[in-house]
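Here are my notes for your first read-through. Keep the model open and check each point as you go.

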Amino acid sequence: MNKRYALKLLVTCAMLAGTSSFLVACSPNAPQFTAIDITGADYAKGFALTDHNGQARTLKDFQGKIVMMFFGYTQCPDVCPTSMLEMAEIKRLLGADGARIQGIFVTVDPARDQPDMLKEYMAAFDSTFLALVPTPEQLAALAKDYKVYYKKVDGPTPTSYTMDHTAGSYVYDTTGKLRLFTRYGTKPELTVADIRQLLAQAS
């Protein structure tokens, strides 16, 4: 590892974590992932939200699975559908291990994204994926905890607004620990390799 790369790695990790103690997860001896390794981060430790079926959900519901969690909205023109398609492709490329992936979509537009709409949206990508529907108050608290940005951008009419938001997915291992942040646009094959490492650690 050259000095320039090592410095870049440390700066990236420090920016994500905000604490010096987090840098141990970015040591050269740590597993090498394509995604940003945020193992040991003191944020985004869980949630308590209702899914598009009206069922209360927490992170503990998915013990034994790799959880990929993305924040978006159904009327997003490109980033959100692309990210969800890539998540479905990751599951497909994992073959039999794909059954150990739980895709989760958290809407940042609860005013328009109603449960029936979200259910249909998830079905377009993978029938096992779940959408979580926070109240506006829950969303504000969740975004703060997850260090996620979102902002309403007014359109020509009151209902034609868009939402700026963080693009990328959080990845939890099979024990429910936060491990990775995958950047938007990462090739599915690279994320598959990262997930296989997490699955190997769990075996």
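**Notes on the fold**

1. Start in the core. The largest nonpolar core has 57 residues. Those that touch the most other members are Phe47, Met69, Phe71, Phe105, Tyr146, Tyr170 and Tyr172. Keep in mind that this is a predicted model.

2. Take Phe71 from that group. Which residues does Phe71 contact, leaving aside its neighbours within four places in sequence? They are Val106, Val108, Leu142, Tyr146, Val148, His165, Thr166 and Tyr170.

3. Now step back to the whole protein. How many helices and strands does the protein have? There are 5 helices and 10 strands. The chain runs to 203 residues, and 46% of them are buried.

4. Look at how the contacts span the sequence. Consider contacts between residues at least 6 apart in sequence. Of these, 69% join residues at least 24 apart.

5. Turn to a helix pair. Two packed helices are described by the angle between their axes and the distance between the axes. Helix α2 covers residues 79-93, and helix α5 covers residues 188-202. Their axes come within 9 Å and cross at roughly 55°. The two helices are therefore oblique to each other. The crossing of α2 past α5 is right-handed.

6. Which residues make this contact? From α2 come Glu86, Glu89, Ile90 and Leu93. From α5 come Pro188, Glu189, Thr191, Val192, Ile195 and Arg196. Sorted by type, the contact residues are 5 nonpolar, 1 polar and 4 charged.

7. Pick out Pro188 in helix α5. Is Pro188 buried or exposed? Its relative accessible area is 14%, and buried means under 20%, so Pro188 is buried. Not counting residues up to four places away in sequence, Pro188 touches Glu86, Glu89, Ile90 and Leu93.

8. Finish with a loop residue. Where is His52 found? His52 sits in the loop between β2 (48-50) and β3 (56-58). With 8% relative accessibility, His52 counts as buried. What does His52 touch, not counting residues up to four places away in sequence? Its partners are Pro115, Leu118, Lys119, Met122, Phe129, Leu130, Ala131 and Val133.

Technical notes: Residues numbered from 1 in each chain as written. Predicted model: local features only at pLDDT ≥ 70, side-chain atom pairs only at ≥ 80, totals over all residues. Heavy atoms only, no water. Axes fitted to C-alpha atoms, helices over the stretch in contact; angles between N-to-C directions. Helix = DSSP H or I, 4+ residues; strand = E, 2+ residues; numbered from the N terminus. Parallel < 35°, antiparallel > 145°, perpendicular 65-115°, else oblique. Left-handed = near helix turned anticlockwise from the far one by under 90°. Contact = heavy atoms within 4.5 Å. Nonpolar A, V, L, I, M, F, W, Y, C, P; charged D, E, K, R; others polar. Core = buried A, V, L, I, M, F, W, Y, C linked by side-chain atoms within 4.5 Å. Buried < 20%, exposed > 50% of the residue type's maximum accessible area, 1.4 Å probe, protein only.
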